[in-house]
Amino acid sequence: MTTKHQGRGAVRPAALGLLPVVCLVLGVLLVVVAINRQVPDPPRPASATSAVDAPAGRGGQTGPADRAGRETAAPVADAGKTAAPGTAARGTAAPEGTALTTGPQSATAPGADVGPETMAALPAAEPVSVRVDAIGVDSPLHALGLAADGTLEVPSGALVDQAAWYSGSPTPGESGPSVLEGHVTGPGGRPSVFFELGALVPGDRVEVDRADGSTVAFEVYRVDSYPKDAFPTVAVYGPTPGPELRLITCGGEFDTTTGHHVDNTVVYARAVAADS
Amino acid sequence: MKFSTRLAAMAVPGLVALPLLAAPAVADDHGTELMATLGELNDSGGSGTAWAKVDGTSVWLSVEVQGLLDGAPHAQHIHIGGANSCPDPMMEGTGPDGAIRTTDAADSYGAVAVSLTNDGGMTGPDHALDVANFPATGTYTYERTIEVSEEVAAQIADGQGVVVVHGVDHDGSGAYDGEQMSDLDPSLPTEATDPALCGELAVGQMDAPSGGVQTGGASTEGMEYSGFAMGGAVLAAAGIGGLLLRNRRAEG
């Protein structure tokens, strides 16, 4: 130990001695605040924990964090209850529900089970807005088409935080799967319109207002998550016997090299009579 | 090829019915899209999907298959005829333990119209068992654009096509074997040609987008308040440094 500075230390005012302590406390406080203000990861569908996604799950996210955002402190014990979306709620025949729902082919074939009274198809009318009360979504809708590479265009510019309807798909209420999409996050990582989509569970309601003044109610029967590079085109966009709805957003790990999330969260719903 | 006559014989009942069907108005500008979910026959353990686009006489097809016998060829075709449908998986066939053999279900799906061979392979019904040119793994993605006749294009666009994938390891031996020979080619075990997956190509209700959807803006894992955190960290470090310095002096 050197003794060079001994003299100077002695004349230092007492207040100066407190400075390091103040710095330390303030600094730690700032770090803690900054960390606590982070936007959490979007909820993942419960089924995403099975098969395909399980190995990719990160700490604390592999559990059924689905409803944690809405129902305070959802216990992990809910796993068994929510692990088979689309099958458990209405008792469709799917003995291996969790394993099947991650594949492109599922036992929960659209229209195959008996739920609330399903609705007859309506004539075409473009959708104007969508509401999902369970996750606080109420958004106007605009029409989007396909990009030059055949992929679905996504909301951008002033409409980036609104949900959109794919104009190449049936209008909501027509026979077939009507496709609605929305961003999970916007620039900078802040939550966007479909941030909570993965928290939906079978039985939740989605309502779509149409340009002809009618409102079509849909009931969620399946929520799933797929790697984008293994997107189950036929399951999501394939023909359905009656009016259905698909809500699509992103989820899963964020790949910093591509600048995109690696998964898509897809909510499947079918039209039900409004008062059922 | 010796089996082609058998296939031709199979085709006759299907062809008789066909001229009666008025050709549908095919293909607007975008052509017609069709999709099928492939369900298992003969407890093959497999699953899959098929997605087709008919544009004029070009048929683009993407077939995704999982869970069939690995390391063995899987003949795959678009069948047209019969009831344009898949058989009941529970139907009693003439194969081992009542397994369904290809001809057993001809009333359901008719005869081979298009052979879904790999690039370079011939695609007519005569090449239905061109085993060297079919996918030879248990899980695969097949994609090809095939030229067909106007009649076949119209029938597929009308939803009459049925995709059938063949090759079932009934006895679980890991290879096509067994005493019973194929109803299509007596030089092959029946396991090699028995149907494993079947799906009806139904007319789609939209122009399906390709692949996934890029609905993510940015990661939530980044630091939204990185300025705060950095400033805090620097302040804290300064504080620690100051304390260390003081202690050192005190000790000194």
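Modeller: A residue is called buried when its relative accessible area is under 20%. A:Cys250 has a relative accessibility of 1%, so A:Cys250 counts as buried. Keep in mind that this is a predicted model.

Now the bonded pair. A disulfide is a covalent bond between the sulfur atoms of two cysteines. The count over all chains is 1 disulfide. B:Cys86 and B:Cys198 form a disulfide, with 2.0 Å between their sulfur atoms. For a disulfide, the sulfur atoms must lie within 2.5 Å. The angle about the S-S bond is -95 degrees, and the link of B:Cys86 and B:Cys198 is left-handed. This pair ties together distant parts of the chain, 112 residues apart. B:Cys86 lies in the loop between strand S4 (76-80) and helix H2 (106-109) of chain B. B:Cys198 belongs to strand S8 (residues 195-200) of chain B. Both B:Cys86 and B:Cys198 are buried.

Take one pair of chain A strands as an example. Strand S2 (residues 137-144) and strand S3 (residues 163-166) of chain A run parallel, joined by 4 bridges. A:Leu144 has A:Tyr166 as its bridge partner in S3(A).

Technical notes: Residues are numbered from 1 along each chain as its sequence is written. Chains are lettered from A and ligands numbered from 1 in the order in which they are written. This is a predicted model: local features need pLDDT of at least 70, side-chain atom pairs count only at pLDDT 80 or more; totals for chains, interfaces and linings use all residues. Side-chain values use heavy atoms; hydrogens and water are left out. Helices (H or I, at least four residues) and strands (E, at least two) are DSSP runs, numbered from the N terminus. Buried means under 20% relative accessible area, exposed over 50%, partly exposed in between (1.4 Å probe, protein chains only). Two strands pair if DSSP finds at least two bridges between them.
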